[in-house]
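The following note sets out points for a colleague who is reading the model alongside its sequence. Please consult the structure while going through them.

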Amino acid sequence: ALLPANVASRAIYRSQIRTFHRDVFPLLTNAKAGSLEAQGKLTEALRSMDAMTQGHAFFAGSQVSMLDVTLAPWLYAAQKAGMSLKSFPNLNAYATRMFNLPAFLATVAKEEASAAA
């Protein structure tokens, strides 16, 4: 299951996903456009994500969850756009683990093949 069985935990996951979509994901576009404010906020968001992934195989613990399914494609796209995660060692290690999952690799290969066609 991608969401926890506990109702309260599912609500927290959904809230975190909404926060990513609303507050974090748009920062990359604005930061790349030269917004110093967006660059600062993006760095702070990445620092926070780095702390959240410390000691965990996946974003929310030891199993793949909806948070990973939401965050990993954005991190992949952000790296493709030139963003480096080297300053965030835990997040960088997390991204590497996610990008090497067979399901992720298969999805990326399929998307890249579609884009090339």
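1. Seven aromatic pairs are counted in this predicted model, where rings of Phe, Tyr and Trp (its six-membered ring) pair if their centres lie within 6.5 Å; planes under 30 degrees apart count as stacked, over 60 as edge-to-face and the rest as tilted. Phe20 and Phe25 make a stacked pair, at 6.0 Å centre to centre with 10° between the planes. Both of these residues are buried, that is, under 20% relative accessible area, with exposed meaning over 50% and partly exposed in between (1.4 Å probe, protein chains only).

2. Phe25 also stacks with Trp74, at 5.2 Å centre to centre and 15° between the planes. This pair joins distant parts of the chain, since Phe25 belongs to helix H1 and Trp74 to helix H3, 49 residues apart. Helices (H or I, at least four residues) are DSSP runs, numbered from the N terminus. Trp74 is buried, as is Phe25. Ring pairs link Phe20, Phe25, Phe59, Trp74 and Tyr94 into a cluster.

3. On the basis of the model: residues are numbered from 1 along each chain as its sequence is written, and side-chain values use heavy atoms, with hydrogens and water left out. As the model is predicted, local features need pLDDT of at least 70 and side-chain atom pairs count only at pLDDT 80 or more, whereas totals for chains, interfaces and linings use all residues.

4. Which residues of H2 are buried? They are Ala38, Leu42, Ala45, Leu46, Met49, Asp50 and Thr53. Seen down the axis of H2, these buried residues fall within an arc of 145° (taken from the directions from the helix axis to the C-beta atoms), so they line one face of the helix. On the other side of H2, Leu36, Glu37 and Ala51 are exposed. The cover over the buried residues includes helix H1 (7-32), helix H3 (66-80) and helix H4 (89-99).

5. Thr53 lies in helix H2, which comprises residues 36-53. Thr53 is buried, with a relative accessible area of 2%. Leaving aside neighbours within four places in sequence, Thr53 is in contact (heavy atoms within 4.5 Å) with Phe59, Asn90, Leu91 and Tyr94. The Thr53 side chain also reaches the backbone nitrogen of Leu91 at 3.5 Å. Just after H2, Gly55 adopts a positive phi of about 80°.

Technical notes:
Helix = DSSP H or I, 4+ residues; strand = E, 2+ residues; numbered from the N terminus. Polar contact = N/O pair within 3.5 Å; in protein donor to acceptor, adjacent residues only side chain to side chain.
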